[in-house]
Amino acid sequence: MTAVFSHGRLRLYLLRLLDDGPKHGYELIRLLEERFLGLYAPSAGTIYPRLQRLEADGLVTHTAAGGRKVYEITEGGRAELRQRADELTALESDISASVEDLSALAGEIQTEVRGSVRDLKRELREATRQTRQTRWDRPAASAPPRPAAPTAGDPPLLAEFDQRLAEFTVEVGALVRAGRLSDTQLRTAIRVLDGALDGLRRLLR
């Protein structure tokens, strides 16, 4: 769970969302994900126990609709929102700051990945050019055969690629573990890796 929701503040924000109208659990998850621009989304295991506690405290109630529990704030819940209005204002401010920080971090990582992909493309083009040039420069017999097109399976280049891939995996793993990233940062890193993989797929088609 992102640090902005520590010390019971997620409970307060759930009341804030329910004050806009009844919602089921996954709708609350989606609204939180949208609020954080997709950079953070709480799990069902985070949301539902808090909804159950709110209900036990008389701050929300639920009805069954279409096989789902739809939660609705009670007058007791609205009274808590009024009593904690200043805390809610501070929470909204902290959420905005957290979203800015997460967006900046995601932008930095994406910039680095784009640079890495550009470097990889450049190295592949250069390796292909050198391979093609080497084949053309070989001493020819009386009737030289037409040079074969380079393939991704050329042993020297493939070996270098395997080595770079292994080094990349080890270094990224070490950086992540040494940095002790939060769940939100890890999710962002996973999305960045997925983006890099998509870029390589497009490159190598």
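Is R35 buried, partly exposed or exposed? With a relative accessibility of 26%, R35 counts as partly exposed, where buried means under 20% relative accessible area, exposed means over 50% and partly exposed lies in between (1.4 Å probe, protein chains only).

Two remarks on conventions come before the next selection. This is a predicted model, in which local features need pLDDT of at least 70 and side-chain atom pairs count only at pLDDT 80 or more, whereas totals for chains, interfaces and linings use all residues. Residues are numbered from 1 along each chain as its sequence is written, and side-chain values use heavy atoms, with hydrogens and water left out.

**The whole chain**

Display the protein as a cartoon and colour it by secondary structure. Seven helices and three strands make up the secondary structure; helices (H or I, at least four residues) and strands (E, at least two) are DSSP runs, numbered from the N terminus. Read from the N terminus, the order of elements is α-β-α-α-β-β-α-α-α-α.

Of the 205 residues, 27% count as buried. Taking contact to mean heavy atoms within 4.5 Å, 61% of the contacts between residues at least 6 apart in sequence join residues at least 24 apart.

Select α1 (9-18). Eight of the 10 residues of α1 are buried, so this helix is largely enclosed by the rest of the structure. The buried residues are R9, L10, L12, Y13, L14, L15, L17 and L18.

Next, show the side chains of F5, Y13, L14, L32, L51, L91 and I95, which touch the most other members of the largest nonpolar core, a set of 26 residues. Such a core consists of buried Ala, Val, Leu, Ile, Met, Phe, Trp, Tyr and Cys residues joined through side-chain atoms within 4.5 Å. Two or more residues of this core come from each of α1, α2, α3, β3 and α5 (85-137), and α1 gives the most, with seven.

Centre the view on L51. Apart from neighbours within four places in sequence, L51 is in contact with L14, L18, G25, L28, V60 and Y71.

**Helix α2**

Which residues of helix α2 are buried? In α2 (residues 25-35), they are G25, L28, I29 and L32. These residues lie on the same side of α2, because they cover an arc of only 100 degrees around the axis, the arc being that of the directions from the helix axis to the C-beta atoms. Among the elements covering them are α1, β1 (23-24), α3 (44-56) and β3 (68-73). Continue past the end of α2 to L37, which has a positive phi, near 55 degrees.

**Salt bridges**

Side chains of opposite charge can pair when their charged atoms come close. With a salt bridge defined as a side-chain nitrogen of Lys or Arg within 4 Å of a carboxyl oxygen of Asp or Glu, the count comes to 13.

E92 is partly exposed, at a relative accessible area of 22%.

Select R11 and D57, whose side chains also meet in a salt bridge (3.0 Å, N to O). R11 belongs to helix α1 and D57 to the loop between α3 and β2 (60-65), 46 residues apart. D57 is partly exposed at 36% relative accessibility.

Then move to E75 and R78, a bridge of 3.4 Å (N to O). Both residues lie in helix α4 (residues 75-83), three residues apart, about one turn of the helix. E75 is exposed, with a relative accessible area of 55%, whereas R78 is partly exposed at 28%.

**A nonpolar surface patch**

Finally, select L158, F161, L165, F168 and L193, which make a nonpolar surface patch of about 430 Å². Patches are made of residues with over 30% relative accessible area and no salt bridge, like charges being joined within 9 Å and nonpolar side chains (Val, Leu, Ile, Met, Phe, Trp, Tyr) within 5 Å. Helix α6 (residues 155-179) supplies the largest share of the patch, four residues. L193 lies in helix α7 (residues 183-204) and is partly exposed, at 40% relative accessibility.

Note on methods
Areas by Shrake-Rupley, 256 points an atom, 1.4 Å probe, with all protein chains shown as cover.
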